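The following exercises concern a predicted model. Work through each task before reading its solution.

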Amino acid sequence: QDLSLPNGTPVDTSSPASSSSLLNRLQLDDDLDGETRDLFVTVDDPKKHVCTMETYITYRVTTKTTRAEFDLPEYSVRRRYQDFDWLRNKLEESQPTHLIPPLPEKFVVKGVVDRFSEEFVETRRKALDKFLKRITDHPVLSFNEHFNVFLTAKDLNAYKKQGMALLSKMGESVKYVTGGYKLRSRPLEFAAIGEYLDTFSLKLGTIDRIAQRIIKEQLEYLVELREYGPVYSTWGGLEVELSEPLEGVSACIGNCCTALEELSEDMTEDFLPVLREYILYSESMKNVLKKRDQVQAEYEAKLEAVALKKEDRPKVPTDVEKCQDRVECFNADLKADMERWQNNKRQDFRQLLMGMADKNIQYYEKVCGTA
Amino acid sequence: MEDCLAKKMEITVSEAEKRTGRNAVNIQETYTAYLIETRAVESQSEGQCAPVDSLWRRYSEFELLRNYLSVTYPHIVVPPLPEKRADFVWHKLSADNMDPDFVERRRIGLENFLLRVASHPVLCQDKIFYSFLTQEGGWKEMVNETGFQLKADSRLKALNATFRVKNPDKRFTELKHYSDELQSVISHLLRVRARVADRLYGVYKVHGNYGRVFSEWSAIEKEMGDGLQSAGHHMDVYAASIDDILEEEEHYADQLKEYLFYAEALRAVCRKHELMQYDLEMAAQDLTAKKQQCEELATGTVRTFSLKGMTSKLFGQETPEQREAKIKVLEEQIQEGEQQLKSKNLEGRDFVKSAWADIERFKEQKNHDLKEALISYAVMQISMCKKGIQVWTNAKECFSKM
C-alpha cells in the first residue's frame, strides 16, 4: 500500500505500527456515535461439544456490517475460548502500541468451579461479548486483519496454521521488546498513567475482596435464616389464635431467603467478573507502558550513539529517524487509547455500581412486599 | 369487680444503680439496686400531681416476692421475672450482668413484672406485694413471717406425684404438654434469632469498608471522584444503621423471653394440680385400705394377705377385747379420713376451677401480647427494608453522577 501524508510526503510503511496509526489519525473516530457505527458483533448461544479427546463449549459470533473490508454484510461463526485467546495474542503482536481489552481468566480450578455450569458459561459469554465489542469500538483494532478473519472464517484453524508458518518464514518480529535498552526516566504523563494504574488496580482488588466478603456473610446469614423461618411454623402448629401471624412471619422469612439468594447470585455473576476484568486490563496496560518505555529507550540510546560519533553527518541516519517515528507513534496511540479507556471505564463503572445499588434496592423491595 | 392496683397507682422502675455492700455471709459484693417509684392516680384532675414515693430494691428481693406469690397463690399463673443471667446473647451483646445494656433491659423487665402483678385481679390485692412497693424497711422480715417457705412443696414430692398420679384432669395434662413444647420452640427461636442477628450485623458492617476504599479511589479520579466519595459516605451510613435496628430487635426478643418464662409458671400450676390430685388419690386409697381392714377384723375373714393374718397364724388369734379396741380405733380413723377426703375433694375442685379461670385469662393475655409482638416485629422488618432502600437509592444517585 502506498500511503502518503496529506502534504504529499511519502511515508515509510515497513513498520506496521506507523501505518495503522496514520490510518488512525486519518480516520473518523466513530465509536462514540451509534448512528455512524458500521460494525456490530454479538456473542451468544453457548453449546457444549463432547468429543473423544475433550469436552468444550463454543459460542456463536454474529457480525453485521457495511464496511468494505468485509465481503458479506452478515456472518455467523462458532468460536471457542481458545480462538478468542488466539485473537488476543495476535492483536497484541500486531498492534503493540494499543491497549488490547482483556479476556476472562483462562484457567479455572477444576475442582472448585464447574466449567460447564450455566452460571459459569453465561458469565464467560458476557465477558467474551464485552471483549469483542470493545475491539469493535476501537478505531484501529476493529480494522485489524486477524479480527476480520476471526469474525468471518469458516475454518479458523487453517488460518491459524498458515499464520504460524508465515511468521516463521518471514522472521519478522513485530515485537518491540528490543531488549537491553533501559529507560532513564519515564516522561511525566506516562509516569502519571503508570501510577494511576497501580493505585487503580490496588483499589479494585480491595473492592473485590470486600464484595466477596459481603457475599460470604450474606450466605452465612442465609443459612441461619433457613433455620429461623421454619421454627415459626412449628410454633404456629402449637397455637390456635396465633397460628396465622406465626405462619405469616415464617413465610416472610422464606421470601427473604429467596430474595437474598438472588442478590448473592447476581453479585457473583455480574459484579465480581467485571471488577476482575478491569484488574486484568490494568495489568496488560502496564505492560504496554513498559513496551513504550523500551521503544523510547532504544531511540535515546541510538541518538546518543550518533551524537558520540563526531563525524559530521548532515542529516540524522534513517534508523534513528525510524526510532523517533516509533516513539512518537507509540505515544500518540497510547494517549488516544488512554483517553478512550478512561471514558469507557467511567461509563462501565457507573453502570456497574448503579447496577449493584439497583440489585440491593430490588432485594429490599422484594422483602418489603411480603412483610 | 374491684379495680386492680395498676389503675389506682402509677408504678415505675425508674433507675438502676451500682452498689457495694456486705451480703448474708458477710462478703463484700457489688450488685445493682433498682428504684421503684409509685404515685397514686388522682381520680379528679386538679392539675396537681400526688407526691412520688420511692424505694430501692435489688433483684434478690424481687425473687423473694415472686417465690412468695407462687407459693401463696398456686392456682395463679404468676408473672415471671426477667432472666437472672444474660442468655441467648450474640457476639455484640454482653453476657455480663453488670453491662449497662443488660441492666437497662432488666430495669424494663422488672417494671413490666410489677405492672403485670399490679394488673392481676387476684395478685394485686396482696398485702405483701403492696408493702414491697411502699415499705422500704422490714419488708424481708414481713415476708418471712408469713411462713410461706413452709407451705412450699418440695420438688421431690412434686416429681413423685407427677409420675404416680393416676387420674389428673385431662386439661392440665394437655396444658403441661403445651407448655413443654412452647418452652422448647421459643428457646429454639431465640437461639437461632441470636445467630441471625450476628450474621446480619456482619453483612452490614462489612459494607463500611466500601466507604473507605471509595474514598481512597476517588482521590485518583477526576470526573468519577465526587460520585464515589459521596456514595462511600452512604455506605458508612448503611453500616452504622444496623446498631439501632438490632437494639430494637432485642426488645422483641425480650417479649418472647417473657413468654418462655411464663411457660414455666404454667407448668407450676399443672404440677400443683398433679400434687393435689395425687394427695387425694393417696388419701382415698388409704381410706379404702382402712375400711377393708375394719371389715376383716369385724368378720374375722382374711381376704387378702396381711401381716395381721400372718401373726395371727403364728402367735394365735387375739382376744375379742383386743379386736374390739382395734376396730374402734379404725372406725375413728375412717371417720376422720372421710372428712379429710371430703375436704380434699372440695379443695381439689376449687383449685381446678380457679386455676382454670386464671389459665383462660392468661391465654387471652398471651394471644394478645404475642400477636402485638409479632406485628411490631414485622413493622421493624419493613422499616429496616425502607431504610435499606433509602440508602441504596442515595448511593445509586451518587453513582449516576460519576
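**Exercise 1.** State how many salt bridges are counted between domain 1 of chain A and domain 2 of chain A, and examine the pair A:Asp270 and A:Lys126.

*Solution.* Step 1: the count between the two domains is four salt bridges. Step 2: for the pair A:Asp270 and A:Lys126, the closest N and O atoms are 2.6 Å apart. Step 3: a salt bridge requires a side-chain nitrogen of Lys or Arg within 4 Å of a carboxyl oxygen of Asp or Glu, so this pair qualifies.

**Exercise 2.** Determine which elements of domain 1 of chain A give two or more residues to the side that touches domain 2 of chain A.

*Solution.* Step 1: twelve residue pairs are in polar contact across this interface.

**Exercise 3.** Describe the extent of the interface between domain 1 of chain A and domain 2 of chain A.

*Solution.* Step 1: the assignment places domain 1 at 36-156 and domain 2 at 181-370. Step 2: the centres of the two domains, taken over C-alpha atoms, are separated by 21 Å. Step 3: 19 residues of domain 1 are in contact with 19 residues of domain 2. Step 4: the size of an interface is often given as the accessible area lost when the parts come together. Here the two domains bury about 1800 Å² between them, with 55% of it on carbon and sulfur atoms. Step 5: in domain 1 of chain A, the residues that lose the most area to domain 2 are A:Thr97, A:Leu99 and A:Arg134, together 35% of what that side buries.

Conventions. Residues numbered from 1 in each chain as written. Chains lettered and ligands numbered in written order. Predicted model: local features only at pLDDT ≥ 70, side-chain atom pairs only at ≥ 80, totals over all residues. Heavy atoms only, no water. Domains from an automatic or database assignment. Contact = heavy atoms within 4.5 Å. Buried area = accessible area lost by both parts, 1.4 Å probe. Polar contact = N/O pair within 3.5 Å; in protein donor to acceptor, adjacent residues only side chain to side chain. Helix = DSSP H or I, 4+ residues; strand = E, 2+ residues; numbered from the N terminus.
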